[in-house]
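Please keep the sequence and the structure in view while reading.

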Amino acid sequence: MTAEANQDPAELAQFDRPDLDWWDPQGPMQALHAINPVRFQYVEEYCPLAGRTVLDVGCGGGLLTESLARAGANATGVDLSATALEQARAHAQKQALDIEYLEQDANALAEQRPKSFDVVTCMELLEHVPDFPALLGDCERLLRPGGSLFVSTLNRTVSAFMLAIVGAEHIAGILPIGTHRYDRFIRPSELAQATRDLRLEVEDIRGIAYNPLTRTARLGGNPRVNYLMHLRKAAEAEA
């Protein structure tokens with residue numbers, strides 16, 4: 001599958017709307033605001049970020065990217081949404097944060113900067129592309145040997161369907177209708193299987209407990225709905 005084919009125009013359109021305010025904690029991205037501290041906590045638990053070169057793939061408006069930069073990382077964010085990146089750049093400038101934002105996909109960046117990052121994050125993106133193993137491969141190419149990849153996605157379970165689609169989109173209205181496609185949700189076993197052909201080893205799988213009624217999140221619990229995975233790239237053998 002080509003890099004161009006691993007983009008879904010309908011999915012991209014969901015996040016490339018000029019009326020979508022990424023930084024309003026009570027707006028359409030409020031669920032992302034709730035889980036962002038949890039995602040950041042998970043990354044920093046395994047990788048102290050000060051001085052690290054970190055890439056946020058599918059950065060959107062920059063919520064996680066800014067958290068990484070505030071922790072002292074040399075942060076870069078990459079996304080295909082021009083409108084999201086416009087908000088990301090404007091917000092970072094207001095916060096006096098030095099973040100590089102690029103409008104391109106991970107495949108193109110991996111061609112330009114292979115083995116350039118200590119840490120790569122790819123959060124809430126795998127379930128929005130047609131070929132998630134290809135995206136994992138791009139992330140692996142971007143990592144330096146021994147580097148860490150952190151991903152988060154939705155499990156393909158009845159619980160995830162009821163909470164993420166029926167509850168969050170249709171009942172609570174905390175996500176725009178059509179944000180998710182159930183057929184693209186990914187079981188942890190499928191995600192782990194996809195890494196076996198790559199130089200990535202699963203270090204940890206952790207659930208995210210999100211309550212759409214109270215709109216709060218915590219790290220841990222059963223990964224039957226949202227979950228995080230930490231993967232480590234193999235170190236290169238000594239010559």
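## Aromatic pairs

Trp-22 is buried, with a relative accessible area of 7%, where buried means under 20% relative accessible area, exposed means over 50%, and partly exposed lies in between (1.4 Å probe, protein chains only). This is a predicted model, in which local features need pLDDT of at least 70 and side-chain atom pairs count only at pLDDT 80 or more, while totals for chains, interfaces and linings use all residues. Residues are numbered from 1 along each chain as its sequence is written, and side-chain values use heavy atoms, with hydrogens and water left out.

The structure holds four aromatic pairs; rings of Phe, Tyr and Trp (its six-membered ring) pair if their centres lie within 6.5 Å, and planes under 30 degrees apart count as stacked, over 60 as edge-to-face and the rest as tilted. Phe-15 and Trp-22 form a tilted pair, 6.3 Å centre to centre with 40° between the planes. The rings of Tyr-42 and Tyr-46 have centres 5.4 Å apart and planes at 70°, so this pair is edge-to-face. Both tyrosines lie in helix α2 (residues 30-46), four residues apart, which is about one turn of the helix; helices (H or I, at least four residues) and strands (E, at least two) are DSSP runs, numbered from the N terminus. Tyr-42 is buried at 0% relative accessible area, whereas Tyr-46 is partly exposed at 27%, and ring pairs link Tyr-42, Tyr-46 and Phe-150 into a cluster.

## The sheet

Eight strands form an open sheet of mixed pairing, in the order β3-β2-β1-β4-β5-β8-β6-β7, where two strands pair if DSSP finds at least two bridges between them. Because β3 (100-103) and β7 (216-219) stand at the edges, each with a single partner strand, one side of each is left without a neighbour in the sheet.

Strands β1 (residues 53-57) and β2 (residues 74-79) run parallel and are joined by five bridges, and Leu-55 stands opposite Thr-76 in β2. Is Thr-76 buried or exposed? Thr-76 is buried, with a relative accessible area of 4%, and its side chain makes a polar contact with the side chain of Glu-100 at 3.1 Å. A polar contact is a pair of N or O atoms within 3.5 Å; within protein, one must be able to donate a hydrogen and the other to accept it, and residues adjacent in sequence count only if both atoms are side-chain atoms.

## Nonpolar cores

A nonpolar core is a set of buried Ala, Val, Leu, Ile, Met, Phe, Trp, Tyr and Cys residues joined through side-chain atoms within 4.5 Å. The largest one has 28 residues, and among those that touch the most other members are Val-57, Cys-122 and Leu-149. Helix α6 (132-142) is one of the elements that give two or more residues to this core, and α6 gives the most, with five residues. A second, separate core of 26 residues includes Ala-31, Tyr-42, Phe-150 and Leu-219.

## Two loop residues with positive phi

Most residues other than glycine have a negative phi. Ala-96, in the loop between α4 (82-94) and β3, has a phi near 55°, a positive value, and Ala-96 is exposed, with a relative accessible area of 71%. Glu-124, in the loop between β4 and α6, also has a positive phi of about 55°, but Glu-124 counts as buried at 19% relative accessibility.
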